[in-house]
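Here is a short briefing on a few local features.

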Amino acid sequence: MSYSGNLYVNANQALVVAISGETTALTVANNLTTFRMPFDFQLTDVKASLTTAGGTSGTTTIDLNSDGSSILSTKLTIDDGDLTSVGATTKYVFSKTLILANSKMTVDVDAITGSGAEAGGKITLIGYPLS
């Protein structure tokens with residue numbers, strides 16, 4: 001939160017989490033990475049990115065979980081040939097946006113493209129801490 005005159009303004013922050021090595025191919029698996037949320041966090045956006053794009057056909061599909069439950073009713077996707085979920089054909093939808101401090105966060109890869117070339121996966125959580 002930042003102070004502006006008599007008004008406190010929630011300033012967005014980004015938490016970036018790697019879900020694979022930079023050159024390691026993604027695999028379909030649950031709990032590819034696990035981390036704890038450092039503070040209460042109000043999500044406003046989420047993005048996924050790759051260092052190497054998948055190809056051939058299909059999408060890379062990624063799910064985010066808080067304490068064992070998905071926070072996405074429509075999961076993050078990266079279209080084949082793309083490096084980011086920004087502009088994906090299917091837009092993600094949050095089912096939960098408030099993540100409490102110390103929540104166990106996990107990331108699953110539910111699908112990869114036909115080429116299986118995706119590598120360097122990262123998730124970016126965007127929002128603001130709650131005090």
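**Loops and aromatic pairs**

Asp67 lies in the loop between S6 and strand S7 (69-70). The model is predicted.

- Thr56 sits in the loop between strand S5 (41-49) and strand S6 (59-66).
- Is Thr56 buried or exposed? Its relative accessibility is 67%, so Thr56 counts as exposed, the cut-off being over 50%.

**Aromatic pairs**

- A pair of aromatic rings is described by the distance of the centres and the angle of the planes.
- Phe39 and Phe41 form a tilted pair, because their planes stand at 45°, with ring centres 5.8 Å apart.
- Tyr92 and Phe94 form an edge-to-face pair, because their planes stand at 75°, with centres 5.1 Å apart.
- For edge-to-face, the angle has to be over 60 degrees.

**Exposure of the paired rings**

- Phe39 is partly exposed, because its relative accessible area of 26% falls between the limits of 20% and 50%.
- Phe41 has 0% relative accessibility, so Phe41 counts as buried.
- Tyr92 and Phe94 are both buried.

How values were computed: Residues are numbered from 1 along each chain as its sequence is written. This is a predicted model: local features need pLDDT of at least 70, side-chain atom pairs count only at pLDDT 80 or more; totals for chains, interfaces and linings use all residues. Side-chain values use heavy atoms; hydrogens and water are left out. Helices (H or I, at least four residues) and strands (E, at least two) are DSSP runs, numbered from the N terminus. Buried means under 20% relative accessible area, exposed over 50%, partly exposed in between (1.4 Å probe, protein chains only). Rings of Phe, Tyr and Trp (its six-membered ring) pair if their centres lie within 6.5 Å; planes under 30 degrees apart count as stacked, over 60 as edge-to-face and the rest as tilted.
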